[in-house]
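Here's a quick briefing to read alongside the model. Take a look at the fold before you go on.

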Amino acid sequence: MTRLGDIRVGQGFDIHQFSDDTSRTLVLGGVVFPDSPGLAGHSDADAVAHACADALLGAAGLGDIGMHFPDTDERWRGANSITMLKHVVSLLAADGWGVGNIDTALVCELPKIAPRRDEMQQVLSAAVGAPVTVKGNRAEKLGSIGRSEGVVCFATALIQRMTNTSETDES
């Protein structure tokens, strides 16, 4: 049996501009948005999954997403970011950490997030093994995001050190 040990919080951030490449597919939170332009990036450019991964890595003190998935590594070209997120969760587990939850704020003028929010949360939660919430926000036409040039996502993750209760009960 395990119980809650140390608790840590991490912040994640990711930003991608929309691509001029019409073959790029928009993926946010592991969900495809077929009627929107795709994002530019080395992987599938899923800013939500990237921000989640970055928050988890930071909380565990395991670096950042660029250290683990550099855009110079051809293994990650076109990679599915949910696969990358699952890899990060496995790194945390190997280091004795469990995910409590992740909360995200996705800022974009398009696409509309509300119609797909539940689906995004389900995909992300399944990948992480803990609740992930997605909030859609607008930049109210301010700056590059407000001009619909791209998307930005912020994530906050809570992780917990998993300990064996038989070890702690004996102390």
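How many aromatic pairs does the count come to? The answer is two aromatic pairs, where rings of Phe, Tyr and Trp (its six-membered ring) pair if their centres lie within 6.5 Å. Keep in mind that this is a predicted model, so local features need pLDDT of at least 70 and side-chain atom pairs count only at pLDDT 80 or more, while totals for chains, interfaces and linings use all residues. Residues are numbered from 1 along each chain as its sequence is written, and side-chain values use heavy atoms, with hydrogens and water left out.

**The aromatic pairs**
- A pair of aromatic rings is described by the distance of the centres and the angle of the planes.
- Planes under 30 degrees apart count as stacked, over 60 as edge-to-face and the rest as tilted.
- F13 and F154 have ring centres 5.4 Å apart and planes at 55°, so this pair is tilted.
- That pair links distant parts of the chain, with F13 in strand β1 (residues 2-17) and F154 in strand β6 (residues 150-164), 141 residues apart.
- F13 is partly exposed at 40% relative accessible area, and F154 is partly exposed too, at 41% (buried is under 20%, exposed over 50%, partly exposed in between, with a 1.4 Å probe and protein chains only).
- For F69 and W76, the centres are 4.6 Å apart and the planes sit at 85°, so the pair is edge-to-face.
- Both F69 and W76 are buried.

**Charges over rings**
- A charge sits over a ring if NZ of Lys or CZ of Arg is within 6 Å of the ring centre and within 35 degrees of the ring normal.
- R116 has its charged end over the ring of F33, 5.0 Å from the centre.
- R161 lies over the face of W97, at 4.0 Å from the ring centre.

**Around H50**
- You'll find H50 in helix α1 (residues 47-60), and H50 is buried, with a relative accessible area of 6%.
- Its side chain makes a polar contact with the side chain of S43 (3.2 Å); such a contact is a pair of N or O atoms within 3.5 Å, where one must be able to donate a hydrogen and the other to accept it, and residues adjacent in sequence count only if both atoms are side-chain atoms.

**The whole protein**
- There are six helices and six strands, taken as DSSP runs (helices: H or I, at least four residues; strands: E, at least two) numbered from the N terminus.
- Of the 171 residues, 46% count as buried.
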